[in-house]
Amino acid sequence: MTIQTQKISAKNRLKVHIEGAVQGVGFRPFVYRLAKKHRLTGWVKNDTSGVVLEIEGAAADVERFIQKIKEAAPTPARIDRMETTSFPPEGRTGFQILESDAGAGKSAEILPDIATCGDCLQELYDPKNRRYRYPFINCTHCGPRFSILEAIPYDRPNTSMKHFQMCAACQQEYADPQNRRFHAQPNACADCGPHLAFWNEGGQTCSTEESAFSEAVHALQKGQIIAVKGIGGFHLMVDASNEAAVMRLRARKHRPAKPFALLYPSLERVRQDCILSELEAALLASPSAPIVLLHRMLDSEVASAVAPDNPYLGIMLPYAPLHHLLMRALDAPLVATSANLSNEPICIDEHEALMRLKGIADGFLVHNRPIVR
C-alpha cells in the first residue's frame, strides 16, 4: 500500500483520494461515521477510481481520522493507495455523502459478490424480522456486488437493482447512518425487491415466492434436476446421494466423468462425509465461500457418480440466502454444477436458461433480479 501524506497544519482542510477495493464494501458509510465521531466536517463520494473525500477540523482530530481509515476500514476493503492534499479551511458545517462522480478514466476496483453475513442470517431465520425467509436479504457487509454492476461508480442507479424502487422502510434504512444497510446498494425486502418463481420445463410459472421455494425443494427430494438462479448465474442441482439422478444429470449434460461440485448445509454435515482440517474449515466458512477439495471418507453417502474414481470431493457451503434456505430445508448435500452443456458458458438469464437447458433441467427456480455479469 502506497500512502503519500502532506504535513497537516494546526487546523486544516484535507482532500483524500483512496484507491483499491473500496466500493461496494460500506466504505462511504464507514467514512461518514468516522468523520462524525472525530467532529470533522466535509463530504465523501465515489469516483471512477475509488473514493474521494474532504475533511475539515482540528489537526489532532484529522490525524486520528486518517490513522483510523488505515487501521479500521471495513473487513472486505483493501486500500492500495491513499493521497492527501492540504487546503485552507473553509469553515464547513456537517458531513455528507455526495452523489458519485461518473467521469472518464474508470479504474475503480469492485469486490466480487460476498457471502451472506452472520447478521443477515440471523434475520433470515427470525420469524419476528420483516425479512424472515427473504431469499435476497443483504447489507453493506454482504450480498451481490460485481454480478449486478452495470457501470462505475458503484451506486444503485448503476446496478440491476435500479429496477426495484425501495419501499419506505428500506429507504429509511438506506438513509440512516447508524443502520448497517446505510447506502447498501442492493437493499430490498419482500415488499419492494426481487421475488422467486418456479417454472416447469416448458417455462410456465407453477408457483411464486414461498410456494415456489417449496415446490423446488419437493422436486429435489424426488430426484429431479432443478436449474437454480443464484447471485451470479444458474446451477444445476440434484440430490447428491441419488446415484440414478446424478447419472441422469451426467448423461443430459454430456459430462461423463468430470467431478461435480457439491453444496453442503454446514461444516458439521461436511465432516460426516470428508476429512476436514481447521484450515479447510476456515476456507469453507470465509466470505469468499470457495469450493474446497476435501478427502472423501470411504463410508460417505455421496453417490459414486459425483466424482468417479476420485478420492476428493469439491465442496462449498451456502453463500447466498437462497442457498441457505435450500440447505436448511433439505439438510443434505446437493450437486451444484454450472448450468450449461460441457464447454459452453454458464447461463445467467432465465429465458436463456430455458432454451439452453431444455432437455437437461426438469424445473427452474428463478428470480427477477437481472444478473449483469
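Good morning, colleagues. The model is predicted, so local features need pLDDT of at least 70 and side-chain atom pairs count only at pLDDT 80 or more, while totals for chains, interfaces and linings use all residues. Residues are numbered from 1 along each chain as its sequence is written, and side-chain values use heavy atoms, with hydrogens and water left out.

Let me begin with the sheet. Ten strands form an open sheet with mixed pairing, in the order E8-E7-E16-E9-E10-E15-E11-E14-E13-E12. Strands here are DSSP runs of at least two residues, and helices are H or I runs of at least four, both numbered from the N terminus; two strands pair if DSSP finds at least two bridges between them. E8 and strand E12 (274-275) stand at the edges with a single partner strand each, so one side of each has no neighbour in the sheet.

Trp199 stands opposite Thr205 in E8. The two strands form a hairpin with four residues between them, and Gly203 in the turn has a positive phi of about 95°. Elsewhere in the sheet, four bridges join the antiparallel strands E9 (residues 226-229) and E10 (residues 234-239), with Val228 opposite His235 in E10.

I turn now to the cores. A nonpolar core is a set of buried Ala, Val, Leu, Ile, Met, Phe, Trp, Tyr and Cys residues joined through side-chain atoms within 4.5 Å; buried means under 20% relative accessible area, exposed over 50%, and partly exposed in between, with a 1.4 Å probe and protein chains only. The largest core has 66 residues, and Ile18 and Phe27 are among the members that touch the most others. A second, separate core of 39 residues includes Val246 and Ala305.

Two charged residues remain. Where is Arg156 placed? Arg156 lies in the loop between helix H3 (118-124) and helix H4 (168-175). Arg156 is buried yet has no salt bridge (a side-chain nitrogen of Lys or Arg within 4 Å of a carboxyl oxygen of Asp or Glu). The nearest side chain of opposite charge, Glu173, is 9.2 Å away. The Arg156 side chain does reach the backbone oxygen of Asn187, at 2.9 Å.

Lys258, by contrast, counts as exposed, at 57% relative accessibility. Lys258 sits in the loop between helix H6 (243-253) and strand E11 (261-263). Lys258 and Ala305 are 47 residues apart in sequence, yet 9.6 Å apart in space, C-alpha to C-alpha.

Note on methods:
Lys and Arg count as positive and Asp and Glu as negative; His and the chain ends are not counted. A polar contact is a pair of N or O atoms within 3.5 Å; within protein, one must be able to donate a hydrogen and the other to accept it, and residues adjacent in sequence count only if both atoms are side-chain atoms.
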